[in-house]
Amino acid sequence: MNLFRLAGDMTHLVSVVVLLLKIHTIKSCAGISLKTQELYALVFAARYLDLFVHFVSLYNTVMKLVFLASSFSIVWYMRKHKIVRRTYDREHDTFRHHFIVLPCLVLALLINERFTFREVMWAFSIYLEAVAILPQLVLLQRTRNIDNLTGQYVFFLGAYR
């Protein structure tokens, strides 16, 4: 096991746990960008297409499932939970995240290890992950009101990268 990968996975896991704890216990997603969360859900969906066809290790499979489940559950909470969705700040979360998906896909089609579907999707997920935090940073810059848990989430997410 690569120590740097383990440290990155654990840091990312801490950021997700902090965010899920905030949403679940406080019943609020104030200060969190739904657009960033949707981009991360897309990142993990594209990256882990091989989940059920390519077994590497139990650790690898569990981490893939955790990141997929947590990403989609955060999006679900923010979109569908009757209390949490009322705290979402649509007015300030206006970053046009659709415009960064297409360039990442085009880049993945042009620059990849092998031109296969899984490799292009892997490259796409890498490029998209590099810019997925932008809507969150823009939201924080616009609102200028960062609560402690949101700040910790952004810190750990940045540390993960």
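Q: Which residues make the nonpolar surface patch?
A: This is a predicted model. In it, L102, V106, L107, L109, L110, I111 and F115 make a nonpolar surface patch of about 710 Å².

Q: Where does V106 sit?
A: V106 is in helix α4, which covers residues 98-110.

Q: Is V106 buried, partly exposed or exposed?
A: Partly exposed. The relative accessible area of V106 is 39%. The cut-offs are under 20% for buried and over 50% for exposed, so 39% falls in between.

Q: Switching to charges. How many salt bridges does the structure hold?
A: The structure holds six salt bridges. One of them joins R79 and E38, with the closest N and O atoms 2.5 Å apart. That pair links distant parts of the chain: R79 is in helix α3 (residues 58-80), E38 is in helix α2 (residues 34-47), and they are 41 residues apart.

Q: How accessible are R79 and E38?
A: R79 counts as partly exposed, at 45% relative accessibility. E38 counts as buried, at 17%.

Q: Why can side chains like these pair at all?
A: Opposite charges can pair when the charged atoms come close.

Q: OK, what does E129 pair with?
A: E129 forms a salt bridge with R47, and the closest N and O atoms are 2.6 Å apart. This pair also links distant parts of the chain: E129 is in helix α5, R47 is in helix α2, and 82 residues separate them. The two side chains are joined by a polar contact of 2.6 Å as well.

Q: Buried or exposed, that E129–R47 pair?
A: Both E129 and R47 are buried. E129 has 2% relative accessibility, so it counts as buried under the 20% cut-off.

Q: Which other residues of α5 are buried?
A: Besides E129, the buried residues in α5 are E119, V120, M121, A123, F124, S125 and L128. The helix runs over residues 117-131.

Q: What about the length of α5, what should it span?
A: At 1.5 Å a residue, the 15 residues of α5 should span 21 Å. The end C-alpha atoms are 22 Å apart, which agrees.

Q: Back to E119. Which residue does its side chain meet in a salt bridge?
A: R114, at 3.6 Å from N to O. R114 is partly exposed, with a relative accessible area of 46%.

Q: Which residues make up the salt-bridge network there?
A: E113, R114 and E119 are linked in a network of salt bridges.

Methods
Residues are numbered from 1 along each chain as its sequence is written. This is a predicted model: local features need pLDDT of at least 70, side-chain atom pairs count only at pLDDT 80 or more; totals for chains, interfaces and linings use all residues. Side-chain values use heavy atoms; hydrogens and water are left out. Patches are made of residues with over 30% relative accessible area and no salt bridge: like charges are joined within 9 Å, nonpolar side chains (Val, Leu, Ile, Met, Phe, Trp, Tyr) within 5 Å. Accessible areas come from the Shrake-Rupley method with a 1.4 Å probe; for residues, only the protein chains shown count as cover. A salt bridge is a side-chain nitrogen of Lys or Arg within 4 Å of a carboxyl oxygen of Asp or Glu. Helices (H or I, at least four residues) and strands (E, at least two) are DSSP runs, numbered from the N terminus. Buried means under 20% relative accessible area, exposed over 50%, partly exposed in between (1.4 Å probe, protein chains only). A polar contact is a pair of N or O atoms within 3.5 Å; within protein, one must be able to donate a hydrogen and the other to accept it, and residues adjacent in sequence count only if both atoms are side-chain atoms. The expected span of a helix is 1.5 Å times one less than its number of residues.
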